[in-house]
Amino acid sequence: MSQSNDLIPPRPAPQSANGILGRIQALAAQGPSHLILSVISYAAMAAMIWLILRWAISPTWTAGSLAECREILQGQHGKACWGVINERWSQLLIGFYPKAEFWRPALAFVLLGLAIFAMLRVNARAMERKLAVIPFVLTPYLLWGGPIWSWVVLFGAACLLLVMNKLLRSTNAKADFAIRIAFIGAAVWLAMNISDALPPSLKDLGLEPVKSREFGGFLLSFLIGLSAILFSLPMGVALALGRTSKLPLLRVVSTGFIEFIRGVPLITLLFIASTLLNIFLPPGTNFDIIVRVIIMVTLFASAYIAEIVRGALAAVPKGQTEGAASLGLNYWQTQRLIILPQALKISIPGIVSTFIAVFKDTTLVSIIGLLDPLGLANNIRADSAWTGIVWEIYGFAALIFFIFCFAMSQYSMWLERQLQTGHR
Amino acid sequence: MTTLTDPPKAGFRLSQLLYDTRYRSITIQVIAMILVILGLYWLVNNTIQNLSALGKDFDFGFLSQPAGYDINQRLVEYSSQSTHGQAAIVGILNTILVAFLGCILATILGVIAGVLRLSKNWIVNKLMAVYVEGFRNVPLLLWIIAIFALMTEGMPQPRDFKVGGDASMILGETVAVTNRGVYVPGVVFESGWFASAAMNWLAVIVVLVASLLVIRVVRRRADAIQEATGDRPTTWWQQLGLLIIPAGLVLVLMGATMQYPYIRGFNFTDGIHLRNSLIALWLALSLYTGAFIAEIVRAGILAISKGQSEAASALGLRPNRTMNLVILPQAMRVIIPPLISQYLNLTKNSSLAIAVGYMDVRSTLGGITINQTGRELEGMLLLGAFYLVLSLLISAVMNVYNNRTQLQER
């Protein structure tokens, strides 16, 4: 046997998959079917981008009607007419809310944005979280306006409650609870009756009142969406606890409610809100349509959240409950300190996708005649100056919805990673 | 020796109701029960008072009164002399039609997009991501209205299809896409066994289902032979024949002929007219739900451990056979439960039909009927009951399937 000392010649370096050349080579190596698929995909993408750019780049920003757009474009087809956005963008954002009061929703949503940002950070400080409550209390007043006094009372009461937390911590828990209830009751009573006690010159002091039917556009979507998101989470958690409770009656009531709401389309519930709710309430009651819609959307979302939380509760191992019981914790302590923190962490993706769905579903209010972006789009398209406009308005609305929904889903993924404590 | 004695029996004290865990749950439930009953009583009482103040009673008699309105999209015979009950049935069938078509197309789109999104090919992967994210993050209603607006305002008018017009029919002069809807060829029965076309179609479907049952028997036998001998008899031609011949025979016997749409005057006649409302609703529902199904399919495939596909390729299976025989059957178990809820969502979302004027059950029973008769309460109750029953039916059917494909554990 001859033994040679020659080295085996080195293999060529692996093909680089970077750079255009590398990518083409990698593609070619994958075989003809992949190559064809890629070519088709690239062609489709190029055609899409070309069509969109060609449509979007259109010097029609100043046009006052579709006819003027056509004049500017001089017979070129497939081009956007941006005049409609230039003329109506403020309407799409706030509806028929008085133009002079535009700063109020703007301020409210800037504050809300800051508050939400402060709350959503994983390592926010307790004080920041408390301060973040203020914009939520302030927003209804900023939006609806009216005499300031009731709000001052409520706001002061809320601030006092926060301080009371510190003062009352050492005393007996039951007395503590009773004092707080009494305090809230007194504040509400005072808020309702304060205007009678004031001299007429001071009575109407405050922001210009704005009626609910003047609300519209994305202002309405955000208002309904945010309120429903805010109220449906605690309610959904309560329903989930009810459905998993050991008490048969609570279980039956929660299950019945959840299954009824989940079995019926939201649009039917909204119709109930707009036409039928008055029949179920004491004769003569007639309250704000926006509040009615918010109640219905909240009930709807809470049923879905309840099912997600129920799944998460089932995923928490039984040993956790038993461990808590062996430490002597009662039901509420067990749920609050042991079970819910774990269950809510598991249910983040589901809850956020429910929130996204709720925000998208706010567009359904256009069907019962509220002027959300889609309702306004119908209005604008019915205007003789803009008949024939389709993609400009819907594209604008779609873009804004996309930005917010996409941001929410990205946030949930980020939060999931942040809260990941397991080792994988 | 110590004797064990029972602790002294204390008399029942009222405070035990609150502090003794044995009694507390009963106390809470009794209180909750009283609250629920009071709440229900309050609602019912208000309703009775309000109804009597409005001079209305609670009565479903309106269902047998003549409806007096037309429905342009219908699967069964209906005229304006028909009753409100019949109008509701037309609406129910329309809801089921669009939900059924939507579920099929959404599943096809979703499975394709979900599988392609896992492709190693960068551009294919990204294109599918654009589709999924684009549809998932924009409201469904916006898509329905936008597609409807595009159809009614972007497509040529029927009169442009006349000789010398600037529009032309597609697919070999058989399909016309106009701003009034899409005209496709239809089948008419010249010597049908029943008076109505719907009954004739039902006969064809019954025959098809019967052939499918026979085909199942053939397959079972082939399976049994394969189990016993290891050789699988060739049955594809038997299956194909069983599927095609009886149904074809029935069609021929009933004198089925194709009827192509053609233009007469300013509009198309003959063929089947698919209205814009149906097309817009169907496409939007399918594209939207398809994006969600794509994510479900992707998650289902990712849930199957990599060892499965490696083992399959070690056995020499080609990639598409690995997908069909190894990955998908296992992934189905993960996919089915969320898929059920997507089908349910699609069915409930079909009630958005009202935005484009498609006459589903919400537009007939829950819309025009209520407006004409003023029976909001009864109409809404019936509507709610219908959706509840439909949801329960769909989930029951899918649960049966789910139980059959589930992993049989000890």
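In this predicted model, B:Ile144 contacts B:Ala280, B:Leu281, B:Ala284, B:Leu352, B:Ala355 and B:Val356, leaving aside residues up to four places away in sequence. Contact requires C-beta atoms, placed from the backbone, within 7 Å. B:Ile144 is also among the residues that touch the most other members of the largest nonpolar core, which holds 137 residues. A nonpolar core joins buried Ala, Val, Leu, Ile, Met, Phe, Trp, Tyr and Cys residues through C-beta atoms within 7 Å; buried means 20 or more other C-beta atoms within 10 Å of the residue's own. Helix α14 (residues 289–315) of chain A gives the most to this core, with 16 residues. Apart from it lies another core of 5 residues, including B:Ala176, B:Val182, B:Tyr183 and B:Phe268.

The contact between the chains takes 39 residues from chain A and 44 residues from chain B. On the chain A side, α13(A) gives the most, with 8 residues. That side divides into 30 nonpolar, 8 polar and 1 charged. Here Ala, Val, Leu, Ile, Met, Phe, Trp, Tyr, Cys and Pro count as nonpolar, Asp, Glu, Lys and Arg as charged, and the others, Gly among them, as polar.

Chain B has 12 helices and 7 strands, taken as DSSP runs (H or I, at least four residues; E, at least two) numbered from the N terminus. Of its 410 residues, 29% count as buried.

Residues are numbered from 1 along each chain as its sequence is written, and chains are lettered from A and ligands numbered from 1 in the order written. Local features need pLDDT of at least 70 and side-chain atom pairs count only at pLDDT 80 or more, while totals for chains, interfaces and linings use all residues.

Technical notes: Contact = placed C-beta atoms within 7 Å. Buried ≥ 20, exposed ≤ 12 C-beta atoms within 10 Å, placed from the backbone.
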